[in-house]
Amino acid sequence: VILIKAQILELVFPVTASLKIALNAHSSLKIIFSSLPNIIYTGCAKCGLELETDENKIYKQCFSCLPFTMKKKYYRPALMTIVDGIYKVCVHVGSKLIEKILLNISPDWLNRVIDVTYDLVAADLLHALLAGSGAPCVLKVQSLFVLDENSYPLQQDFSLLDFYPDDMKHGSHALL
């Protein structure tokens with residue numbers, strides 16, 4: 001587990017096996033805003049499994065969690081490409097951390113209105129994070145390497161454990 005100061009280059013949300021939403025510095029605010037409904041899904045409130053709908057648009061039940069039948073909206077997990085000036089790495093980001101990156105705006109709130117809608121705030125946050133001139137963030141990343149008998153990496157996986165949006169001048173030592 002390491003802390004790294006890096007800039008976010010891209011977020012890729014797999015929607016289906018053939019459809020992926022890629023958001024980066026070239027994505028306009030309008031594109032990000034229109035993509036938000038596709039980066040959320042309805043899932044089992046207990047395990048988070050995405051629930052399918054039948055021909056009448058009624059959600060099917062999660063059989064592994066029966067008799068629990070509640071449903072909840074989630075952000076789709078994403079693949080985040082980050083760069084620290086030298087190295088470029090792809091990091092897996094879970095649903096909870098996508099919500100944290102969006103200042104804990106719940107997917108259920110995206111259509112609620114304050115003076116503007118939360119989805120506009122979320123789109124603006126993503127746009128600012130992905131902007132080419134965006135400030136680096138501090139990311140807590142866990143790495144997993146699978147090596148062969150000669151210590152050659154066969155597989156490298158990185159997962160985001162936590163996200164700190166500012167440069168943390170006031171207490172970066174507290175995280176270590």
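Predicted model: local features only at pLDDT ≥ 70, side-chain atom pairs only at ≥ 80, totals over all residues.
1. Numbering runs from 1 along each chain as its sequence is written, and side-chain values use heavy atoms, with hydrogens and water left out.

2. The largest nonpolar core has 35 residues, and Phe13 is among those touching the most other members, together with Ile8, Met80, Ile82, Leu139, Leu160 and Phe163. Such a core is a set of buried Ala, Val, Leu, Ile, Met, Phe, Trp, Tyr and Cys residues joined through side-chain atoms within 4.5 Å. Contributors of at least two residues each include strand S1 (2-14), strand S5 (78-83) and strand S8 (153-164), as well as H2 and H3. Helices (H or I, at least four residues) and strands (E, at least two) are DSSP runs, numbered from the N terminus.

3. Pro107 sits in the loop between helix H2 (95-101) and helix H3 (118-130). Proline 107 counts as buried because its relative accessibility is 4% (buried is under 20% relative accessible area, exposed over 50%, partly exposed in between; 1.4 Å probe, protein chains only). Beyond residues up to four places away in sequence, Pro107 touches Ile40, Lys73, Tyr74, Tyr75 and Glu99.

4. Val146 belongs to strand S7 and, at 34% relative accessibility, counts as partly exposed.

Conventions: Contact = heavy atoms within 4.5 Å.
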